[in-house]
Amino acid sequence: MADKLHFSLVSPARELFSGEVDHVIAPGTDGEFGVLANHAPFMTTLKNGVVRVLEGDTVKMRIFVRGGFADVTPDGLTILAEEARSLEGVKVEEVQAELDATLLKIQALDKDDTAKDALQAHYAYLESLKAALVH
């Protein structure tokens, strides 16, 4: 029996996953990387993209993250994402509707409004999410 990797993915809203897996592939800011059991420790930042959880050669779960950090230790891999959502059941049309609503909110704000930066970051996240669903 092959060693398993303990993997946890946490966002400010909730823990999206915690369990034993074979392999995780994540979108590092310096490029995509994969982690297996007994990987050398390291820490890196993440860019917007898809985290894929594999059992054998089969992708069992796809979670879209907006930034964050990945920490590989002897105990496993922990991803602390700024925002994350499972791609299971997410439809392009729903993301487009959220993009449209966010754009309306941005346009309604004064140019100096402090909330504008957060909304623009969320809009960029949604654009990346939509691109991940289309490809």
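## Strand β5

Where does Met43 sit? Met43 belongs to strand β5, which runs over residues 42-46. Keep in mind as you look around that this is a predicted model.

Met43 has a relative accessible area of 56%, so it counts as exposed, the cut-off being over 50%. Thr44 comes out at 16% relative accessibility and is therefore buried, since buried means under 20%. Leu46 is buried as well, with a relative accessible area of 5%.

Leaving aside residues up to four places away in sequence, Thr44 is in contact with Thr29, Phe33, Gly68, Phe69 and Ala70.

With those sequence neighbours again left out, Leu46 touches Ala26, Pro27, Gly28, Thr29, Phe33, Val65, Gly67, Gly68, Phe69, Ala70 and Ile79.

## A nonpolar patch on the surface

Back to Met43 for a moment. Together with Phe69 and Leu80, Met43 makes up a nonpolar patch on the surface. The accessible area of these three residues together is about 320 Å².

## Aromatic pairs

How many aromatic pairs does a search of the whole structure find? The search turns up three. One of them joins Phe33 and Phe42, with 5.4 Å from centre to centre and 80° between the planes. Planes over 60 degrees apart count as edge-to-face, so that is what this pair is.

Are the two partners buried or exposed, or partly exposed? Phe33, at 14% relative accessibility, is buried, while Phe42, at 26%, counts as partly exposed.

## Helix α2

Now for a helix. Helix α2 covers residues 115-134, which makes 20 residues. At 1.5 Å a residue, α2 should span 28 Å, and its end C-alpha atoms are 29 Å apart, so the two values agree.

Which residues of α2 are buried? They are Lys116, His122, Tyr125, Leu126, Leu129, Ala132 and Leu133. In an α-helix there are 3.6 residues a turn, so residues three or four places apart point the same way. The elements covering the buried residues of α2 include the strands β6 (49-55), β7 (58-73) and β8 (76-86), along with helix α1 (92-108).

Methods:
Residues are numbered from 1 along each chain as its sequence is written. This is a predicted model: local features need pLDDT of at least 70, side-chain atom pairs count only at pLDDT 80 or more; totals for chains, interfaces and linings use all residues. Side-chain values use heavy atoms; hydrogens and water are left out. Rings of Phe, Tyr and Trp (its six-membered ring) pair if their centres lie within 6.5 Å; planes under 30 degrees apart count as stacked, over 60 as edge-to-face and the rest as tilted. Buried means under 20% relative accessible area, exposed over 50%, partly exposed in between (1.4 Å probe, protein chains only). Helices (H or I, at least four residues) and strands (E, at least two) are DSSP runs, numbered from the N terminus. The expected span of a helix is 1.5 Å times one less than its number of residues. Contact means heavy atoms within 4.5 Å. Patches are made of residues with over 30% relative accessible area and no salt bridge: like charges are joined within 9 Å, nonpolar side chains (Val, Leu, Ile, Met, Phe, Trp, Tyr) within 5 Å. Accessible areas come from the Shrake-Rupley method with a 1.4 Å probe; for residues, only the protein chains shown count as cover. A salt bridge is a side-chain nitrogen of Lys or Arg within 4 Å of a carboxyl oxygen of Asp or Glu.
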